[in-house]
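Good morning, and thank you for coming.

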Amino acid sequence: PFPDRASMDAPLPLSLVIPAFNEADVIGKAIAEAEFTLSKSFPQYEILIVDNGSWDETAERVREQLAYAPHTRLIGPGVNGGPGRGRQYAAQSAGSP
């Protein structure tokens, strides 16, 4: 069965995935821009930063931003398994607390 038209017109929640590998220098700006832009168009959204085993301070920079980025979560497999593993991890984490 297909949803009725009224439910199709309702805004859908959005999960934005930002893969990050050694992005400490730019991740803060990426989070701020994503929060700002999505807040203009989506009543429900989440921003998933997928740290794919960074060697630099990417995770620390993300944690510093979390106080100012209420829709952002830091997730990651813990080790670098290539882009496919990061995407898979994000897909499994999207929409869950």
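Ser93 is buried, with a relative accessible area of 12%; buried means under 20%, using a 1.4 Å probe and protein chains only. This serine lies in helix H4, residues 82-93, where helices are DSSP runs of H or I with at least four residues, strands are E runs of at least two, and both are numbered from the N terminus. Beyond residues up to four places away in sequence, Ser93 touches Leu48, Arg73 and Ile75, contact being heavy atoms within 4.5 Å.

A word on the basis: this is a predicted model, in which local features need pLDDT of at least 70, side-chain atom pairs count only at pLDDT 80 or more, and totals for chains, interfaces and linings use all residues. Residues are numbered from 1 along each chain as its sequence is written, and side-chain values use heavy atoms, with hydrogens and water left out.

I turn to the core. The largest nonpolar core has eleven residues, among them Ile18, Ala20, Ile27, Ile49 and Val62; such a core joins buried Ala, Val, Leu, Ile, Met, Phe, Trp, Tyr and Cys residues through side-chain atoms within 4.5 Å. Its largest share, four residues, comes from H2.

Ile27, leaving aside neighbours within four places in sequence, contacts Ile18, Ala20, Ile49, Thr58, Arg61 and Val62.

Finally, the axes of H2 (residues 27-41) and H3 (residues 58-65) come within 9 Å and cross at roughly 40°; axes are lines fitted to C-alpha atoms, for helices over the stretch in contact, with angles from 0 to 180 degrees between N-to-C directions. Ile27, Gly28 and Ile31 of H2 meet Thr58, Arg61, Val62 and Gln65 of H3.

Definitions and conventions:
Buried < 20%, exposed > 50% of the residue type's maximum accessible area, 1.4 Å probe, protein only.
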